[in-house]
Amino acid sequence: MPLIEIKDIVRTYKTGSEGVRALRGVSLSIEKGEMVSVMGASGSGKSTLMNILGCLDKADSGSYLLDGTDVSSLSKDELAAIRNRTLGFVFQQFHLLPRTSALENVELPLLYNKDKPSWKSIRSRAREALDLVGLSDREKHTPSELSGGQQQRVAIARALVTNPVLLLADEPTGNLDSRTSLEIMGIFQRLNENGLTVLMVTHEPDIAQFGKRTIVIRDGLIQADRSHKQHSSSKALKNWSEDDVTELTKSLSE
């Protein structure tokens with residue numbers, strides 16, 4: 001059974017008296033353990049698709065099965081529970097609380113968990129998540145005391161702390177330099193190798209190549225859907241300078 005299966009998804013937004021059809025009948029399936037990149041120009045519908053898959057928005061018509069559950073007809077509270085229990089989110093903007101430590105930022109999703117874990121369990125799981133992204137030694141630092149790459153690592157740890165089955169990343173390297181972008185992609189690849197399904201929206205062809213499959217959206221429809229050889233971020237970073245990394249990203253986008 002696919003982790004994600006959508007059929008004939010349509011989404012139209014009202015702008016005054018006019019309607020803008022962001023998605024025009026999109027169908028796709030994603031298996032557990034895949035690492036998929038979604039590409040498209042601004043206004044193509046890729047962010048709308050991400051929002052629907054992340055249960056942040058609802059389609060006007062069509063069906064959406066998430067891990068066997070039909071989420072198309074769920075209430076807002078039920079969708080919120082699905083998001084907290086099943087999904088992890090990483091965004092271009094890190095959305096960290098500015099005067100809160102890295103550890104406390106990572107703990108936040110567990111505070112809204114209906115299972116109500118103990119404080120000891122919350123702290124332990126948050127520390128494990130920070131360790132996964134290599135920030136065990138920065139748990140007491142606030143966002144202003146961290147680099148952009150470190151802030152994104154905290155955001156990834158926060159997404160992982162609930163043990164999601166699906167990680168959704170929206171332009172996760174958009175605010176990062178080339179080398180830091182590759183480090184973040186390395187984290188995603190390691191998570192995927194350990195069984196986590198990763199779905200990433202990006203407008204950067206070089207970043208998309210670090211997935212195993214790329215879906216291209218244009219004018220609210222899937223224009224292309226292809227599997228391809230996955231580039232290795234760990235090989236790219238090994239003993240490379242910033243100039244080397246810049247050359248790599250240029251060559252991948254050609």
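Colleague: Which elements are included in what covers the buried residues of α2?
Modeller: This is a predicted model. In helix α2, residues 76-86, the buried positions are Leu-79, Ala-81, Ile-82, Asn-84 and Thr-86. The cover over these residues includes β4, β6, α3 and β7.

Colleague: Is strand β6 largely enclosed or left open by the rest of the structure?
Modeller: Strand β6 spans residues 87-91. Four of its five residues are buried, so the rest of the structure leaves β6 largely enclosed.

Colleague: Which residue in β7 does Phe-89 stand opposite?
Modeller: β6 and β7 pair over five bridges, in the parallel sense. In β7, the residue opposite Phe-89 is Leu-168.

Colleague: How many residues does the largest nonpolar core have, and how many the second, separate one?
Modeller: In the largest core, the residues with the most contacts inside it are Val-106, Val-154, Ile-156, Leu-167, Phe-188 and Leu-191. Two or more residues each come from α3 (102-111), α4 (119-132), α5 (148-160), β7 (166-170), α6 (178-193) and β8 (197-201). The second core is separate and includes Cys-55, Leu-66, Val-71 and Leu-166.

Colleague: Which strands stand at the edges of the open four-strand sheet?
Modeller: The sheet has the order β2-β1-β4-β5, with antiparallel pairing. An edge strand here has a single partner, so one of its sides is left without a neighbour in the sheet. The strands at the edges are β2 (18-30) and β5 (69-70).

Colleague: What angle does the direction of helix α1 make with that of β1?
Modeller: Strand β1, residues 4-15, is joined to β2 by 10 bridges and runs antiparallel to it; within this pair, Val-10 stands opposite Arg-24. Helix α1 (residues 46-53) packs on the sheet and touches β1, β2 and β4 (61-66). Its direction makes an angle with that of β1 of about 120 degrees.

Colleague: Does Glu-34 count as buried or exposed, and which side chain does its own side chain make a polar contact with?
Modeller: Glu-34 lies in the loop between β2 and β3 (35-39). Buried means under 20% relative accessible area, and Glu-34 is at 19%, so it counts as buried. Beyond four places in sequence, Glu-34 touches Ser-29, Asn-192, Leu-196, Thr-197, Val-198 and Arg-213. The polar contact, at 3.0 Å, is with the side chain of Arg-213.

Notes:
Residues are numbered from 1 along each chain as its sequence is written. This is a predicted model: local features need pLDDT of at least 70, side-chain atom pairs count only at pLDDT 80 or more; totals for chains, interfaces and linings use all residues. Side-chain values use heavy atoms; hydrogens and water are left out. A nonpolar core is a set of buried Ala, Val, Leu, Ile, Met, Phe, Trp, Tyr and Cys residues joined through side-chain atoms within 4.5 Å. Buried means under 20% relative accessible area, exposed over 50%, partly exposed in between (1.4 Å probe, protein chains only). Two strands pair if DSSP finds at least two bridges between them. Contact means heavy atoms within 4.5 Å. Axes are lines fitted to C-alpha atoms, for helices over the stretch in contact, and angles run from 0 to 180 degrees between N-to-C directions. A polar contact is a pair of N or O atoms within 3.5 Å; within protein, one must be able to donate a hydrogen and the other to accept it, and residues adjacent in sequence count only if both atoms are side-chain atoms.
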